[in-house]
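Have a look at the picture first, then read on.

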Amino acid sequence: MKSFFEVIKLEIKEDVQYTFGFMISVAVQPIIMLINIALFTSLYSYNGAETIKGYDLGQMIWYFTATHFIWVIVFNFTDHRISERILSGELAMDMLRPMDLFTYELGLSIGLRITALFTELLPGLLVYSLIYFPSFMSLPSVLKFICTVLMAFVLMYMINFLAGLFAFILKSNAAVTGIKTMLMMLLGGSYIPLEFYPQLAVQILAFLPFEYIFYWPIQFFLNTAASNAPGAFIRVLAIQAAWIVVLYGLCRLCWRQASRHFCAVG
Amino acid sequence: MNAITMQKGVTAQKTDIIQVKNLCRTFKVPKRSDSGLLSSIKALFHREYVTVNAVNDISFTVKKGEIRGLIGPNGAGKSTTIKIMSGILYPSSGEVDVMGYKPWLEREEYVKHIGVLFGQRSQLEWDLPPIDSFYLRKKLYDIPDEVYKRNIEYFKELLDIAEIINKPVRQLSLGERMKCEFVCSVLHEPPLVFLDEPTIGLDVVSKETVRGFISAINKEKNTTFILTTHDLSDIENLCENITVINNGTIVFDDGLAGLQEYFPKRKVVKVQFETPVDYHALEPFHPTSYNRMKAEFEVDLSECDVKTAVNRMFECLPVADINIESVSIEEVIRHIYTEQ
C-alpha cells in the first residue's frame, strides 16, 4: 500500500510541472458554456417550454458542463501508455517492477486526476457557477454524484486498460482508442442526453457500461427526477460494482494471456 | 540437494546462482514476399509466418559472485536469454533456475531479488530528478531507511553524482543518466544484476567509471553480474568467464584465459624497424599488416617454432624492437562469430 501511494505521489510530482496545459480548459470551457446559454435560452423560449425531456433550462446548460467535469474526473492515458509501451518494447521495463502493471497504472491514473481536481475541476466549478449559478444542486445530490463518479473512474480505467492490451493483437491501437471514445460519447450520454434516443436504444444501452460512466453521474449532479426515483442511487451503484467485477476479471485474464505472448523487441 | 533449492533468494558462496538447461525460445515473425503495395494488401488477408529460433538449446551455469560476460554478434540471442532470465519473456521450452525461482512464473516476487539495466532503455522518470525515481524504488522494494540512506551516500561518492541527482533526467547527459540507471539497478542490493550493453554510447571516462563501479560492487557485496556488451575492453577489464552466443547457440563457454589461448598454435610477432624496409624484403615472412617502419606477422607453431622464426627475422631485417603475443581476443572473437 505504501508503494501504491508513492506511485500516486510520483505522478502528482510529474503533473504539477505541466499544469498550464490543464488550466487552459478553465479558460476554454466558459466560452462553450456561454454558447450553450445562448443556444438553450433561445430554444426554451422559442418553444415556450419549462422543461425539455425532463431538463429545465439550468440543468440543460449544465448537462454539458457536467459532461466536461466527468471527463476531467475519469480521464486517463492508460490505453495510450500501455499500447505504446507494448509496441516499443518499453513494457519490458514495467515487467521488471515488483508491482503488477494494473496496480501501477491505476496509481498513475489516480495521481493524474488528483492534479486535475485542483487545476481543472475546482477552479472550473467556481468560474462556471459565477456565469450561471447551478441552483438545482443539493448536498445529497452532490454526495451521490461523488460516489457514482468515483465508480465511473474505476470503470473508465479498466476499459482503458483493456483497450491498451489490444495492441498485443492489433499492433496499432489508434482505431481501438477512436472507437472507444466514440462509444463513450454516443452510448454513454456524453454527446447528448440519452433521453433524445429512441426508447428501444435506451433499453439496450442500460446493458452496457458506458451510461454508468457519464449519463448516471450527470443525473445525480443535475439532481434530476430520474436520479431521485426510489432506489435509483443504490441500483446505479450496484450495476457499476457489477461491471467493475466483470471488467476486473477480464483485465486479469487478458493480462495473463498477453504477457505470455509478449516478445519485447529490441 | 544444493543450497539454491533449499531456500529461495538465499545462496551460499560459490554455488550456482543461475542454472539454464536446454533453453529454447522461438518467435513467429510475419513473412512478406516483397516490399510492394500489393503484397502489403495480400498480407491483410493471408499472412505467412516463419519461425525464428532466437535461442536454441542453450545450457550454462553461473556461480555466485561471478562477473559473466555474455557476448555475441547482433541478433545472436543474448538479449532474449537475458529477458528470459529476468522474467520478462516466457521460454518456449527448457529450464531456468535462478536462486530457486522460475523467473517468468514468479515474476513479481522474483524481480525483488534482481537488478536489471538495459543500456537502451530507462528506468528513470524522464521529467523528474533521479532522486525521485530512487525514492520510488525505496518504497517498491521496501528498502529500510538506513540502508537507503547509506547506499545513496555511497553511490553519490563512488559515481560523483551528488550534483546531478536533483536535476530533471531530461537535462542530464547520457553518461550522467547511465550512472543514475546503475544506481537504480543496485539500490536494493540485489544478489544478481543483469546488465545489457551498459556502456553503449559512453565516452572513455564514463566507461571507466561504470567499469569501476561494477567491479567495486562485485567485490564489496559479492554481487553476481551478467553482462552483455559489444565492447571487448569491458570483457577484458571485468569478466573472468565468458559465454559466447551465436545464432541462438553457445559456441564458447570458458574463462577469459581460455579465449586468450583459443589458438595455442598461433603467435603474433610485432616488429619495429630501425630503418625503412621495402615490402619485397618482408614478403618471405607473409606479413599480416605492414608499413615501412613496422610490420606484424603470424607464426603457425605447427610449421615452425617461435625461436626459429624470430631468429630469421633478426637475420634478415633491421629489427629495433620485437614483441611476441598470443592472437588478440578481438581476432579470436571475430573468428568465433564468423565460423558459424
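Predicted model: local features only at pLDDT ≥ 70, side-chain atom pairs only at ≥ 80, totals over all residues.

Residues are numbered from 1 along each chain as its sequence is written, while chains are lettered from A and ligands numbered from 1 in the order in which they are written.

**H3(A) against H7(A)**

- The axes here are lines fitted to C-alpha atoms, for helices over the stretch in contact, and angles run from 0 to 180 degrees between N-to-C directions.
- On the H3(A) side, the contact is made by Ile70(A), Ile73(A) and Val74(A), and on the H7(A) side by Val149(A), Ala152(A), Phe153(A) and Met156(A) (contact is when the C-beta atoms of two residues, placed from the backbone, lie within 7 Å).
- This contact of H3(A) with H7(A) has 7 nonpolar residues, no polar and no charged ones (Ala, Val, Leu, Ile, Met, Phe, Trp, Tyr, Cys and Pro count as nonpolar, Asp, Glu, Lys and Arg as charged, and the others, Gly among them, as polar).

**H11(A) joins in**

- H11 (residues 215-222) of chain A has an axis that comes within 9 Å of the H3(A) axis, and the two cross at roughly 130°.
- H3(A) and H11(A) are therefore oblique to each other, and their crossing is right-handed.
- H3(A) brings Gln59(A), Trp62(A), Tyr63(A), Ala66(A), Thr67(A) and Ile70(A) to this contact, and H11(A) brings Pro217(A), Ile218(A), Phe221(A) and Leu222(A).
- By class, the contact of H3(A) with H11(A) has 8 nonpolar, 2 polar and no charged residues.
- H7(A) and H11(A) have axes that come within 7 Å and cross at roughly 165°, so the two helices are roughly antiparallel to each other.
- The crossing of H7(A) and H11(A) is left-handed.
- Where H7(A) and H11(A) meet, the residues include Lys144(A), Phe145(A) and Thr148(A) from H7(A), and Trp216(A) and Phe220(A) from H11(A).
- The contact of H7(A) with H11(A) divides into 7 nonpolar, 2 polar and 1 charged residues.

**Where the two chains touch**

- The contact takes 21 residues from chain A and 23 residues from chain B.
- On the chain B side, helix H4 (107-110) and helix H5 (130-140) each supply at least two residues.
- H5(B) gives the largest share of that side, 4 residues.
- The chain B side splits into 10 nonpolar, 4 polar and 9 charged residues.

**Two domains in chain B**

- Chain B is divided into domain 1 (16-260) and domain 2 (264-339), with bounds that come from an automatic or database domain assignment.
- The C-alpha centres of the two domains lie 39 Å apart.
- In chain B, 9 residues of domain 1 are in contact with 7 residues of domain 2.

**Sheets in chain B**

- An open sheet of 6 strands runs in the order E5-E6-E7-E3-E8-E9 (chain B), with mixed pairing (two strands pair if DSSP finds at least two bridges between them).
- E5 (114-118) and E9 of chain B stand at the edges with a single partner strand each, so one side of each has no neighbour in the sheet.
- Strand E3 (residues 67-71) and strand E7 (residues 224-228) of chain B run parallel and are joined by 4 bridges.
- Another open sheet has 4 strands in the order E11-E12-E10-E13 (chain B), and its pairing is antiparallel.
- Its edge strands are E11 (287-291) and E13 (319-326) of chain B, each pairing on one side only.

Notes: Parallel < 35°, antiparallel > 145°, perpendicular 65-115°, else oblique. Left-handed = near helix turned anticlockwise from the far one by under 90°.
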